[in-house]
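Subject: Structure for you to look over

Hello,

Here is the structure you will be working with. Please open it next to this email; my notes follow below.

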Amino acid sequence: MSWSENGQIVVDERFLNRELSWLAFNERVLELATEPGIPLLERAKFCAITSTNLDEFFQVRVAALKDQMIAGIDRPTWDGRTPAQQLAAISQWVPGMIERLDEAFVDRLVPELRAAGVEIISWEDTTLDERAELDRIYESRMFPVLTPLAVDPGHPFPYISDLALSLAVNVADPETGDRRFARLKVPDVFPRLIECAPGRFVPAEEIIGAKLDRLFVGMVVESWAAFRVSRNGDLTVEEEEADDLLEAVEMELRRRRFNRAVRLEVAFDIGEELLDLLVRELDLSHDDVSVHRSPLDLSCLLELMSLDRPDLKDEAWSPVTAGRIAAADEGDRPIFDVVRHRAVMLHHPYESFSSSVEEFIGQAADDPKVQSIKMTLYRAGGDSPIIRSLMKAADRGKQVAVLVEIKARFDEATNVQWAKQLERAGVHVVYGMVGLKTHSKVVLVVRDDGDQLRRYCHIGTGNYNSKTARIYEDIGVITCDPDIGADCAQLFNHLTGYSRAHDYKTLLVAPRDLRRQLIDLIEHEASFGTEGEIVMKCNSIADEEVAEALYAASNAGVRIELLVRGICCLRAGVPGMSENIRVRSILGRYLEHSRIYRFKNGNVVVNGRLPGAVTNEIHLIGSADLMPRNLNRRVEVLVPIEHERHRAWLDQAIEFQLADGIVCWELQPDNRWERMGPTDAFEPHAQERMYRWTVEQQTPVAH
């Protein structure tokens, strides 16, 4: 960041803005909706993901910037932009993205889906027979749960809940001439897309809008339009002052419903009168309004994925069971026997989460030799086999301690409920450390193997969530290495008790040491000049100190390959600054979620040389992205991967993603993300190559 002579902030061209980099990521997601090589329903899914991504962006990022402006904070980010400048740039970018989303859905997908026998139509497009069917559905399933809320001197403007789809209605009394505004919420107790005939769907709001006379009997419905409000999604908990963190979070969840509005989405045909009223009553400006030709909230398109149309979906890739676990299962041996022989590395969803991690915890719950289970839970999801296993273990008298991160954004309510259920089942539940989120993915099982007590640990890159484990690409390792076990035990003592963190022998742990250790690794690699090489695969890079270290390593001649799915705030390929840095983004059917950090000469830096190492190269996996929040304000864990076969697996995964000619996006020196690979197909693709290769590896003796 720099300042001009008149004191004005000058944008630092060495770095990209975090918020704008995120918008560029969502543009890449949106591009998948128009890829000719992706089946139609999968393309519709990417429209839905683009839409929900934008929701969260406004709830979190835009809301935070607006809060800063209200508070009079004009401190710039490290790329030099003030909150006002960032909001201005966002307001310039988003309308174009909405337009491109509308083009992808309305102008391309809708006609192509129609040609394939899946039609999303308006009320006006329905036949008489279809209207009769919709009349029946409306009267039996919709009308009984609709509640119109009029605005008049006795009825103030109603509260509009976050992300709720609503109809704004103007009605008039034909006898008195009085005109009134009414709000009608579209409940989510019935599907958003109502099937009126095989393969023909009408959005619920279209049906309700066509039948407003049933709700406003004797009134004249002058106009109506769909709208939707996004509110600040932040959860402000004063942890230092909270006597009961669980109770404080529950209270804040109730308050969050009334947070300030930050965005108003409206249908393109809304009248000026209705729009002005909504803007005024929601205390917004017209700059906060986005206008859509598509139905609002395209997450409804995910409902189409339940259609029995395999011809319009991706070919199913069934996860395989890791070979050594499969062999143990066939021999009726527990996973503990496998791990005692050698650590097991797992790559989800190519390899099954349920037959490995869930089975590991399930066996621990059932095994009488297991004495205790400890684990961290960040996003457990809904119906969780893992949580059921933990409750079963407690019921059987085992010591079970679970750190539930109840501040995990947008999962707070789910995690609060799990915490209560676990406590009722006799599990020792803690809620993390004051001022920090516990984002690490760690399980520690203590088992009496007869000859000694052993600690069996799982450390991974992904959440212990059965649903996301099927669509998020993640890596984990199950090991009984004594040093890792001792480090995990110390980590849990630190998380659940009052012990001070000590020097970990093997693990890299944030916030205490991880930043320093990663910077040391980068700087050490720079000392090797052109003989150095760094590969980093993560979700985001948005940390100034890490970026500066990578720039310095690039200038020293180190080859740097960055596989970054989402936000990337450093620039790539700029002569004299980052000419040895290449940044790729891999998008596809799976969300690339694993973090892999490989340093060609790194083994002499982290906590001393690994015992028995035959190479200076080091591979790390774990929970941490390269962002200030991960390195400064979260408990994160990385673990070195030591076994030769496991390192080779990671190398193969990296090789697929760095291969020439594959479909990917690369960050250009002018900051554009350019799509690479064939334009008439979505292949060759790194994820398909990884899946085919994984299947080939899975024999009883593999891996």
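P511 sits in the loop between β20 (508–510) and α14 (514–526). Helices (H or I, at least four residues) and strands (E, at least two) are DSSP runs, numbered from the N terminus. The peptide bond that leads from A510 into P511 is cis, with omega near 5°.

Before you read on, note that this is a predicted model: local features need pLDDT of at least 70, side-chain atom pairs count only at pLDDT 80 or more, and totals for chains, interfaces and linings use all residues. Numbering runs from 1 along each chain as its sequence is written, and side-chain values use heavy atoms, with hydrogens and water left out.

Another cis peptide bond joins H348 and P349, with omega about -5°. P349 lies in the loop between β12 (344–348) and α10 (354–366).

Now the cavities. A search of the whole structure turns up 4 cavities of 30 Å³ or more. A cavity here is a set of points, on a 1 Å grid over the protein atoms alone, where a 1.4 Å probe fits but cannot get out; lining residues have an atom within 4 Å of a point. Grid points are joined across faces, edges and corners, and a volume is the space filled by probe spheres set on the points. The largest cavity holds about 100 Å³ of space. Its lining has 16 residues, and H348, F353, G462, N463 and D474 are the closest to its centre. β19 gives the most to this lining, with 4 residues. β18 (453–460) and β19 (472–479) each supply at least two. By class, the lining has 6 nonpolar, 9 polar and 1 charged residues. Ala, Val, Leu, Ile, Met, Phe, Trp, Tyr, Cys and Pro count as nonpolar, Asp, Glu, Lys and Arg as charged, and the others, Gly among them, as polar.

Which residue does the side chain of H593 join in a polar contact? The partner is D474, at 2.8 Å between the side chains. A polar contact is a pair of N or O atoms within 3.5 Å; within protein, one must be able to donate a hydrogen and the other to accept it, and residues adjacent in sequence count only if both atoms are side-chain atoms. H593 lies in the loop between β24 (591–592) and β25 (596–599). With a relative accessible area of 9%, H593 is buried. Buried means under 20% relative accessible area, exposed over 50%, partly exposed in between (1.4 Å probe, protein chains only).

Next, the cores. A nonpolar core is a set of buried Ala, Val, Leu, Ile, Met, Phe, Trp, Tyr and Cys residues joined through side-chain atoms within 4.5 Å. The largest has 95 residues, and L550, L562, L570 and V583 have the most contacts inside it. Apart from it lies another core, of 45 residues, among them L444, C488, V509 and A659.

I90 lies in helix α3 (residues 83–115). I90 counts as buried because its relative accessibility is 3%. Beyond residues up to four places away in sequence, I90 touches (heavy atoms within 4.5 Å) partners including L20, F57 and L65.

L163, not a glycine, has phi near 65°. L163 is partly exposed, at 24% relative accessible area. N671, also not a glycine, has phi of about 80°. N671 is partly exposed too, at 29%.

Best wishes

Technical notes:
1 Å grid on protein atoms, 1.4 Å probe; cavity = no way out; pocket = protein on both sides within 12 Å on 5 of 7 lines; lining within 4 Å.
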